[in-house]
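Here are my notes on the model you sent. Please read them with the structure open.

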Amino acid sequence: MSNLEFLSQRRRHQSPLAGSFFSPMDLSGVSLVQTLASLSEDLIRSHRAPSHLHRKHARSLVCKVKILLSLFQYLSESSSGFLPRWFPISATLCFRELYILIYRAKMLLDYCENSARLWLVLKSEQISGNFRDLNQELATILDVLPIEGLRLSADVRDQVELLCTNCGKLNSRLDPEKEAQELRTMINEFLDEFARGEAPESQKLRGFLVNRLGISSGLACRSEVEFLEEQIYNQEEDADLSLLGGTVALARYCRFSLFSIDSLNKHPQPDTPSWGERWNRRMLSWSGSDSSSFAVPKDFCCPISLDLMRDPVVVSTGQTYDRASIIQWMDEGHSTCPNSGQLLSDSRLISNRALRSLISLWCSVFGVPYESGEVTDGSAETIAAACSSKAAITANMETAQILVGQLADGSDEAKGLAARELRLLAKTGKQNRAYIAEIGAIPLLSALLSSSDPVTQENSVTALLNLSIYDTNKQLIMEEEGCLSLITEVLKHGWSIEGRENAAATLFSLSVVHDYKKRILSEPGAVESLARLLKKGTPRGRKDAVMALFNLSTHPESWVEMLESGAAVALAHALTNELVSEEAAGALALISKQPAVAHAVAGVESTVPSLIKIMKRGSPKGKENAVAALQEICRKCGPVVTQRVARTPGLGGLVQGIVLTGTKRARRKATVLIKILQRWCGEMTVVVPSMLMMDNSTVMDQSQLVDPSRVLRPSPNLGSGDLTINQPVAISVPVP
């Protein structure tokens with residue numbers, strides 16, 4: 001059995017039975033029947049006691065498969081030597097259809113077993129329809145199965161005929177629709193109470209969650225929240241996102257209002273298998289089956305690491321890789337696509353959301369632990385939009401009050417967990433960020449920045465980062481006594497690299513406000529630590545650091561600290577890293593207006609070649625930053641550096657391209673760069689674009705003449721498209 005069916009799945013919210021399925025065409029006779037028996041045994045073994053909402057449907061389906069198993073076992077045990085001779089062709093076709101049906105049945109049962117209980121309530125009607133469809137398809141197959149030609153024993157024949165009769169009847173008692181409707185009504189009633197600004201009674205919530213749904217622990221609530229958020233991220237426009245968002249907020253509130261926060265981080269009991277253990281058991285149970293049926297689809301594996309992709313992204317060549325793997329590839333200096341060998345035109349990575357949804361579905365169906373890391377900005381926005389109803393906002397406010405109370409009075413373990421949950425809550429929605437800060441979370445989170453527990457420290461600084469996205473909170477953070485110093489301390493000596501990276505990102509967020517830039521620049525060790533992270537951090541850490549330095553560089557006095565702390569030189573070295581080169585060039589363009597900085601930057605051997613490389617292959621904004629930085633370096637450093645720049649092969653074509661197609665600022669800076677090259681190069685051969693001669697696209701502007709006594713003439717050693725300055729010349733420039 002191929003895994004191609006998963007490539008045809010589109011979104012998790014669709015039926016788990018949607019897509020294309022293929023029967024094993026290379027099997028027939030005894031081998032086909034034995035494979036069917038093995039697949040049936042695996043299904044029965046995996047679903048002995050279903051306890052979810054659709055348990056009646058599941059038990060009925062398992063009973064039907066048990067009868068089919070008795071058929072397959074009888075055929076396997078009965079004279080396998082002559083079976084191929086009398087096996088009717090029509091029976092082989094029916095068995096192949098049964099293979100597909102049993103495989104789909106297992107997918108549906110796995111889906112129900114691994115889905116959130118609340119999700120099964122919301123999708124009850126659709127899932128019941130899936131069970132009914134399988135039942136009808138089984139009846140159709142059995143109806144055309146040539147029982148007479150199989151030479152069955154009387155007992156087996158009677159069982160198969162009875163199964164055929166039962167499948168043809170619609171048993172409404174199996175449908176949990178009445179129970180599901182009651183549960184949906186309860187959900188709506190709870191949300192209505194939140195919408196009125198009231199919190200539902202704990203006793204009613206416990207009866208609903210624990211007694212009716214079997215969600216009996218904080219860990220189970222957390223799984224419900226994570227699963228539902230994944231559905232929100234993967235939903236299409238026709239989904240009721242408001243109801244989903246409200247249900248997420250309800251589940252999160254229940255988690256902290258019904259269960260002791262000190263118990264939420266405890267490990268499951270030994271008899272409660274974790275996701276990883278369940279996966280290992282499932283793998284062991286599959287070992288006796290056709291291994292090709294359950295192999296991870298090749299399309300889900302990263303071509304670099306060969307592992308299941310956690311965050312698939314598309315590069316400029318159209319190839320897909322896991323984000324961490326391709327970032328490491330580019331960070332090691334590679335500029336080509338690993339798969340195709342083509343040159344990467346840029347370093348942008350675009351999330352492959354459709355593939356990520358398919359991988360997530362596959363993992364959900366087969367119980368594979370799948371954690372894609374921190375919620376992306378795109379998914380955070382989607383979840384925030386879904387949780388924007390009045391009911392969801394009120395529920396989240398009630399949850400925030402509980403968590404902030406734990407920050408103030410809870411145990412150390414409770415404080416750490418509260419910081420983590422506030423971090424996640426502040427990730428989605430400005431209402432959450434505003435309210436969390438309003439009820440006093442910032443001073444309490446600030447105090448946890450000095451925690452000796454690495455996880456608590458990381459969650460605290462990340463919570464402050466997420467809160468700082470809301471502009472009003474920036475002021476609260478900066479006004480909190482000692483908070484900026486503690487953030488800087490985490491940046492310098494944080495227990496984890498993730499904590500240090502998020503501290504850098506927090507400084508980046510705060511530095512958006514111009515009035516705070518001077519304070520951050522004056523904070524001892526802040527700029528120096530950002531420079532160190534830029535030089536030695538992970539790809540993500542370098543990105544956070546360069547963005548913070550870029551923001552700080554817009555302050556007119558920033559150059560002093562940038563130079564003294566070594567940040568200017570670090571930015572120059574960062575030009576060789578495509579992930580951060582364009583932002584580094586932007587910062588250098590600003591601080592290189594000071595001669596001391598320009599000389600320090602020019603002293604780095606790779607500066608000029610790197611800037612020219614960005615002018616060749618960068619984005620429009622990157623080219624603008626690079627030509628601006630190069631222009632400032634030449635202007636402040638005089639003839640020595642300028643002549644070195646002028647000797648660069650192909651410079652004329654680059655400048656010509658920027659003057660023709662660059663941004664307005666880039667065209668202006670390119671024009672100034674040409675005039676500087678003219679001024680300092682004297683008899684040196686300087687390649688400049690021939691389009692700068694007077695033509696229909698340029699005008700002579702006497703105020704822009706570099707030297708009216710000099711003339712541009714073609715160089716005998718250069719092509720017809722190049723010019724050299726070796727005689728008195730006048731220059732015409734495009735109108736900016």
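At what angle do helix α18 and helix α19 pack, and how far apart are their axes?

1. **The α18/α19 pair.** This is a predicted model. Helix α18 (residues 412-427) packs against helix α19 (residues 430-438) at an angle of about 140°. Their axes lie 7 Å apart. Angles over 145 degrees would count as roughly antiparallel. The pair is therefore described as oblique.

2. **Who meets whom there.** From α18 come Leu422, Leu425, Ala426 and Lys427. Across from them, α19 supplies Asn432, Arg433 and Ile436. By class, the residues of this contact are four nonpolar, one polar and two charged.

3. **Overall make-up.** The protein chain has 736 residues, and 52% of them count as buried. Its secondary structure comes to 36 helices and five strands. Take the contacts between residues at least 6 apart in sequence: 72% of these join residues at least 24 apart.

4. **The largest core.** The largest nonpolar core holds 116 residues. Leu530, Leu534 and Leu571 have the most contacts inside it. Helix α33 (residues 620-637) gives the most to this core, with eight residues. There is also a second, separate core of 80 residues. Ala37, Leu75, Tyr111 and Ile141 are included in that one.

5. **Leu534 close up.** Which residues does Leu534 touch, leaving out those up to four places away in sequence? The list is Arg542, Ala545, Val546, Leu549, Ala570, Leu571, Ala574 and Val580.

6. **Helix α32.** This helix covers residues 607-617. Its buried residues are Thr607, Val608, Ser610, Leu611, Ile612, Ile614 and Met615. They pack against α29 (567-574), α30 (581-591) and α31 (595-602), among others. The partners also include α33, α34 (639-646) and α35 (651-661).

7. What is the strand order in the open sheet of three strands? The order is β2-β1-β3, and the pairing is antiparallel. Strands β2 (320-322) and β3 (350-351) are the edges, each pairing on one side only. Strand β1 (residues 312-314) pairs with β3 over two bridges. Within that pairing, Val313 has Ser351 of β3 as its bridge partner.

8. **A helix on the sheet.** Helix α14 (residues 323-331) packs on this sheet. It touches β1, β2 and β3. The direction of α14 makes about 95° with that of β2.

9. **Glu458.** Leaving out residues up to four places away in sequence, Glu458 touches Arg423, Ser496, Glu498, Gly499 and Asn502.

10. **Leu306.** Please check the backbone here. Leu306 is not a glycine, yet it has a positive phi of about 65°. It lies in the loop between α13 (275-286) and β1. Leu306 is exposed, with a relative accessible area of 63%.

How values were computed. Residues are numbered from 1 along each chain as its sequence is written. This is a predicted model: local features need pLDDT of at least 70, side-chain atom pairs count only at pLDDT 80 or more; totals for chains, interfaces and linings use all residues. Side-chain values use heavy atoms; hydrogens and water are left out. A nonpolar core is a set of buried Ala, Val, Leu, Ile, Met, Phe, Trp, Tyr and Cys residues joined through side-chain atoms within 4.5 Å. Buried means under 20% relative accessible area, exposed over 50%, partly exposed in between (1.4 Å probe, protein chains only). Helices (H or I, at least four residues) and strands (E, at least two) are DSSP runs, numbered from the N terminus. Contact means heavy atoms within 4.5 Å. Axes are lines fitted to C-alpha atoms, for helices over the stretch in contact, and angles run from 0 to 180 degrees between N-to-C directions. Angles under 35 degrees count as roughly parallel, over 145 as roughly antiparallel, 65 to 115 as roughly perpendicular and the rest as oblique. Ala, Val, Leu, Ile, Met, Phe, Trp, Tyr, Cys and Pro count as nonpolar, Asp, Glu, Lys and Arg as charged, and the others, Gly among them, as polar. Two strands pair if DSSP finds at least two bridges between them.
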